[in-house]
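Please keep the sequence and the model in view while reading.

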2 protein chains.
Amino acid sequence: MPRPRRGAARRVDRVALPDLRPDTDALLGRVAYLKLALFESASAVAGRATDLGDREAITRVAAAVLEQHTELSSMLEDRGIASAAAMHPFTADIDRYRRRLAESGWHESVLTLHLSAGLLDDFFAGLAAGLPGPAGGRVAEVLERDIGHDVLVGVLQQGLAADKRLGSRLALWGRRIVGDTLLVARSALDDVRDDAGLPATTEERRIEPVLNDLIAAHTRRMDRLGLTA
Amino acid sequence: MPRPRRGAARRVDRVALPDLRPDTDALLGRVAYLKLALFESASAVAGRATDLGDREAITRVAAAVLEQHTELSSMLEDRGIASAAAMHPFTADIDRYRRRLAESGWHESVLTLHLSAGLLDDFFAGLAAGLPGPAGGRVAEVLERDIGHDVLVGVLQQGLAADKRLGSRLALWGRRIVGDTLLVARSALDDVRDDAGLPATTEERRIEPVLNDLIAAHTRRMDRLGLTA
């Protein structure tokens, strides 16, 4: 699958997290686990597709997410850290997030994949810009790859065209996704110190523009689907 | 993950299907779907692992199976055939096979992955030798790759060491797997004509050695785990 890269500059501009100094191992562990969890969700969504073409196409999305996981995991191993150990502190929170979004119809799960990956990739690519050394650029490069969002959008558009009631269900579900996913992003900021050594989340004033940018990108994704954000 | 290739000659020797002329598109479609189904099973097994290291390791197995699926699917597309269309005739049988083996404990599912992939890779790599042109060699090369059987064996050995009752459960389960999996292999022979244009399954005499070879390899896999086949 061709993976057109979006401009890194644009992404880092959009989710600017200036002066924040995330811990490299914690960030890698958290995002590696998010990607492992997202891979499992994606392959489960693929397996539930009734159309064999959709099933294969979403399996490609799962494969792209898995590749992201594998690269982040290799980065940890290159740093001499077992990826399971690095991911472990983040499993409980992320599993809770997954469970909250798990009980849903198939189209809802496709939407979750699209919106959750979109928002978290934006956020963590921005946060990675503050990593020391070349790690930040590499993490951002991995997260900025297109995992196949057009496939997911296409499947959703087909579903929306076929079932007039799906739109209101998905609009409602989209609001739930954005709320829960912002909490995942926010909890990553608890680990992060600003240049004065304070937890980033103590400064609402600095975080608010970041969250606003994430919400604006989310709204554009919903708009593209013709859904009210 | 390094993938030591086993010798193609040895594999083709072991499961010799002389004079059989399988249909290329049918064989590719069947094996591509088997691999898609096996990938989904593998990623579900990974997701159910309680140990995060096992979960990552089995995810690598899933990724290797997915790569096999993707390559077979590309071969179909290169032949101008949509892979979903080529896979479609085989979904009902293979889904039935999966359902029969689905309801099991976690270690049983790991064993299913190990034995089912082992037997079917042996069988289809042998059958592919009869394909015209370079397709046979390429299919055999894809199927002869090690998907990570040592990882699965390691997980099973750990489970067997920790729980003395697991051995008899797995021995029983192994017999069920081999029976059901041989049926999957056998049903592929229904499509295949021999050099006289007769369905291969009409000649028990010729098929029996093939099945015996598959069972012998299965028994070696069980022996390695200390289980009675």
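A salt bridge is counted here when a side-chain nitrogen of Lys or Arg lies within 4 Å of a carboxyl oxygen of Asp or Glu. By that rule, the structure contains 28 salt bridges over all chains. The model is predicted, so local features need pLDDT of at least 70 and side-chain atom pairs count only at pLDDT 80 or more, whereas totals for chains, interfaces and linings use all residues. Residues are numbered from 1 along each chain as its sequence is written, chains are lettered from A in the order in which they are written, and side-chain values use heavy atoms, with hydrogens and water left out.

| Pair | Closest N to O |
|---|---|
| R79(A) and D25(A) | 2.7 Å |
| D25(B) and R79(B) | 2.7 Å |

Helices are DSSP runs (H or I, at least four residues) numbered from the N terminus. R79(A) is partly exposed at 42% relative accessible area, and D25(A) is partly exposed at 25%; buried means under 20%, exposed over 50%, and partly exposed in between (1.4 Å probe, protein chains only).

E40(A) in helix 2 and R98(A) in helix 5 (residues 91–102) of chain A are 58 residues apart. E40(A) is buried at 7% relative accessibility, while R98(A) is partly exposed at 26%.

Conventions: Helices (H or I, at least four residues) and strands (E, at least two) are DSSP runs, numbered from the N terminus.
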